[in-house]
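Student: I would like to learn how to read pockets, loops and aromatic pairs in a model. Please take the terms one at a time.

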Amino acid sequence: MTSALKTDRYELTMLDAALTSGNADKQVVFEVFTRALPPGRRFGVFAGVGRLIEEIKNFRFLEEQLEFLKDERIVSEQTINYLKSYSFSGEIEGFQEGEIYFGNSPVLTVTGSFAECVVLETLVLSILNYDSAVASAAARMRIAAGDRKLIEMGSRRANEDAAVAAARASYVSGFDATSNLLAQFKYGIPTLGTSGHAFTLLFDSEKEAFQAQLAAMGENTTFLVDTFDVDYAVKTAVELTNGKLGNVRIDSGDLNETANRVRKQLDSLGAKKTKITVTNDLDEDAIASLASAPVDNYGVGTSLVTGSGAPTAGFVFKMVSKLGAEDWTDVSKKSEGKSNLPGKKQASRVVENGIATRDVVSTSEIEIGRPLQVSYMQQGRQLVEADLAKARRRFADSLSELPASSKRLSDGEPSLRVTTS
């Protein structure tokens with residue numbers, strides 16, 4: 001099944017009316033941007049474009065989908081015939097995946113006929129809004145965690161498709177692993193995971209559960225030690241492994257106090273190399289509060305897959321230019337509070353002595369600073385393959401350019417001002 005019907009009805013009714021009026025083939029430019037970052041956020045991280053390009057390449061209307069549109073009288077026979085052979089043949093350019101963005105930045109530009117562009121609006125926004133929201137939250141957690149390991153564990157707190165998308169987006173922003181196996185299968189993201197409380201409760205004693213886990217997974221496994229009594233569980237785990245156990249996980253209570261107590265106990269029992277993983281509804285603030293605790297790994301779920309308070313990036317998809325009989329005309333709606341700069345725009349980042357100072361967005365060709373846009377598709381052909389390793393490097397490099405104040409987790413103004421003209 002393709003993603004062609006993962007859309008809003010009005011995309012197709014607009015297409016229907018445009019075909020009837022004879023304007024469907026008019027060449028247009030759409031831009032994706034957010035008018036402002038979520039309140040208090042200092043930057044956003046652009047993610048999802050790798051997934052999006054693949055979806056657009058495969059965006060087709062199947063016979064059963066066309067029959068549905070016909071039976072429900074959603075569009076005319078003329079539109080049904082157009083959709084039978086639909087294939088995007090336009091151009092797409094935008095920010096690199098992993099790039100940091102700010103308000104009014106043209107993160108994606110889609111050029112083509114009105115007909116082929118308008119039907120992509122919902123798909124474009126649903127992917128970019130979610131993935132960028134997760135990547136932006138993940139970036140704040142990466143900052144809070146410093147060099148410690150971050151594991152995405154939110155699959156059970158999102159729908160099944162969003163779970164995989166969240167694993168990918170968080171990996172772009174520096175997470176080290178995920179619990180989701182489909183994310184590893186599709187994208188090669190490392191996975192981690194051993195056991196939950198149900199496994200311990202399956203046995204007549206915690207010791208028996210640990211013995212079974214040890215036999216199956218070896219000494220480098222992670223024992224979940226808070227099912228009953230943490231101190232007793234740690235003691236049991238050390239004894240069973242002769243002090244060679246790899247990890248223990250704490251999933252409840254005062255994580256700071258418990259982690260310190262467990263570390264002292266492990267060290268006193270000779271298990272000085274055993275690492276401590278903490279979970280339990282962590283977000284960037286909770287991670288930051290554990291900075292002085294002897295924690296090696298953080299497992300993050302609900303807060304990450306819901307954008308940690310900002311579940312959408314707020315991107316919109318707006319037409320900014322159209323081709324008339326002889327030349328292009330820049331366009332924009334004038335709605336109060338929702339206007340935008342008309343015309344196709346270029347974006348660059350001015351970097352001085354290794355530190356970014358501002359972004360420049362202009363309708364004319366600009367040559368100052370580092371260009372922020374690359375070409376993804378021309379004449380419907382993909383030019384750039386999705387590369388998660390490259391996206392992770394782009395994020396790390398982009399973050400390192402920002403002023404030091406960008407890494408504060410407290411509410412603040414955007415790290416860079418965006419100059420538009």
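Tutor: Helices (H or I, at least four residues) and strands (E, at least two) are DSSP runs, numbered from the N terminus. This is a predicted model, in which local features need pLDDT of at least 70 and side-chain atom pairs count only at pLDDT 80 or more, while totals for chains, interfaces and linings use all residues. Residues are numbered from 1 along each chain as its sequence is written, and side-chain values use heavy atoms, with hydrogens and water left out.

Student: In which loop is Thr227 found?

Tutor: Thr227 is in the loop between strand S8 (222-224) and helix H11 (230-241).

Student: Is Thr227 buried or exposed?

Tutor: Buried means under 20% relative accessible area, exposed over 50%, and partly exposed in between (1.4 Å probe, protein chains only). Thr227 counts as buried because its relative accessibility is 18%. Leaving out residues up to four places away in sequence, Thr227 touches His197, Thr200, Leu201 and Glu206, where contact means heavy atoms within 4.5 Å.

Student: Which phi value does Asp281 have?

Tutor: Asp281 is not a glycine, yet its phi is positive, about 50°. Asp281 lies in the loop between S10 and helix H13 (284-289) and is exposed, with a relative accessible area of 64%. Asn353 also calls for a look: its phi is near 55°, a positive value in a residue other than glycine. Asn353 is placed in the loop between strand S14 (346-352) and strand S15 (355-362), and at 83% relative accessibility it counts as exposed.

Student: What is the volume of the largest pocket?

Tutor: Rolling a probe the size of a water molecule over the atoms shows where empty space is left. On a 1 Å grid over the protein atoms alone, a pocket is an open set of points where a 1.4 Å probe fits, with protein on both sides within 12 Å along at least five of seven lines; lining residues have an atom within 4 Å of a point. Grid points are joined across faces, edges and corners, and a volume is the space filled by probe spheres set on the points. The largest pocket has a volume of about 950 Å³. Its lining has 31 residues, of which Met153, Ser179, Gly193, Arg249 and Thr279 lie nearest the centre. Strand S6 (149-152), strand S9 (247-250), strand S10 (275-278) and strand S11 (297-300) are the elements that give two or more residues to this lining. S11 gives the most, with three residues.

Student: How do the residues of that lining divide by class?

Tutor: Ala, Val, Leu, Ile, Met, Phe, Trp, Tyr, Cys and Pro count as nonpolar, Asp, Glu, Lys and Arg as charged, and the others, Gly among them, as polar. The lining of the largest pocket has five nonpolar, 18 polar and eight charged residues.

Student: How many aromatic pairs does a search of the whole structure find?

Tutor: A pair of aromatic rings is described by the distance of the centres and the angle of the planes. Rings of Phe, Tyr and Trp (its six-membered ring) pair if their centres lie within 6.5 Å; planes under 30 degrees apart count as stacked, over 60 as edge-to-face and the rest as tilted. The search finds eleven aromatic pairs. Phe30 and Phe317 are stacked because their ring centres are 4.5 Å apart and their planes at 20°. This pair links distant parts of the chain, with Phe30 in strand S1 (residues 27-33) and Phe317 in strand S12 (residues 316-323), 287 residues apart.
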